Amino acid sequence: MSDDAKWMQRALELAAFAEKQGEVPVGAVIVLDNEIIGEGWNQPILSSDATAHAEIIALRQACERMQNYRIPGADMYITLEPCVMCAGGLVHARINRLIFASKEPKTGAAGSCVDVFNLPNLNHRVQCESGLLAEQSSDMLRRFFRARR
């Protein structure tokens, strides 16, 4: 298994944990020098915090651990394409590379609805890759929403 697949698998485990808590199953992992420095899962419902997305929680944890609001050289693995808020956080934190599993056609900000990472006036570019373990992520999301309908 590649390192990318290993880290995405961990993000899927975190997404499953979010689902068990009644949250939309999204997980995120931040890796620097082949070590997890931050991870998170969706928690906006339980925390009554609209910003408690998996990515933001992982960023807060990683930045606190590194004692810096910027973490250049770090990669983030997310089970779902980030929204505009989360994509902005990745840019501000100077994340090097984003790897996400499933596209989000309604709110995705890495190319599906808008592409925050290629806005011409931003002074940092996040390299973006998609599709890694997409089927597992998409299946989890479909099951979650099907059960809610």
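Serine 48 is exposed, with a relative accessible area of 69%. On the terms: buried means under 20% relative accessible area, exposed means over 50%, and partly exposed is in between, with a 1.4 Å probe and protein chains only.

Before going on, the background. This is a predicted model, in which local features need pLDDT of at least 70 and side-chain atom pairs count only at pLDDT 80 or more, while totals for chains, interfaces and linings use all residues. Residues are numbered from 1 along each chain as its sequence is written, and side-chain values use heavy atoms, leaving out hydrogens and water.

Back to serine 48. The residue sits in the loop between helix H2 (44-47) and H3. Helices (H or I, at least four residues) and strands (E, at least two) are DSSP runs, numbered from the N terminus. Serine 48 is not a glycine, yet has a positive phi of about 50°. Glutamine 67 is also not a glycine and has a positive phi, of about 55°. Glutamine 67 belongs to the loop between H3 and S3, and is exposed at a relative accessible area of 67%.

Next, two residues in strands. Isoleucine 37 is in strand S2 (residues 35-41) and, at 5% relative accessibility, counts as buried. What does isoleucine 37 touch, leaving aside its neighbours within four places in sequence? Its contacts (heavy atoms within 4.5 Å) are Ile30, Leu32, Gln61, Ala62, Arg65, Met66 and Ile71. From isoleucine 37 to isoleucine 71 is 34 residues in sequence and 9.9 Å in space, C-alpha to C-alpha.

Threonine 79 is in strand S3 (residues 75-80). With 0% relative accessibility, threonine 79 is buried. Apart from neighbours within four places in sequence, threonine 79 contacts several residues, among them Met8, Leu12, Ala15, Val26, Ala101 and Ser137.

Now the helix pairs. Axes are lines fitted to C-alpha atoms, for helices over the stretch in contact, and angles run from 0 to 180 degrees between N-to-C directions. Helix H1 (residues 3-20) and helix H5 (residues 134-148) have axes that come within 11 Å and cross at roughly 5°. H1 is therefore roughly parallel to H5; angles under 35 degrees count as roughly parallel, over 145 as roughly antiparallel, 65 to 115 as roughly perpendicular, and the rest as oblique. On the H1 side the contact uses Leu12, Ala15, Ala16 and Glu19, and on the H5 side Gln136, Ser137, Met140 and Phe144. These residues divide into 5 nonpolar, 2 polar and 1 charged. Here Ala, Val, Leu, Ile, Met, Phe, Trp, Tyr, Cys and Pro count as nonpolar, Asp, Glu, Lys and Arg as charged, and the others, Gly among them, as polar.

Helix H3 (residues 54-66) packs with helix H4 (residues 84-92) at an angle of about 25°, the axes being 9 Å apart. So H3 is roughly parallel to H4. Glu55, Ile56 and Leu59 of H3 make the contact with Met85, Cys86, Gly89 and Leu90 of H4. By class, that is 5 nonpolar, 1 polar and 1 charged residues.

Last, the cysteines. How many disulfides are there? The count is 0, a disulfide being a pair of cysteine sulfur atoms within 2.5 Å. Cysteine 86 is buried, with a relative accessible area of 0%. Cysteine 63 is buried at 16%, and the closest cysteine sulfur to its own, in cysteine 86, is 13 Å away, too far for a bond.
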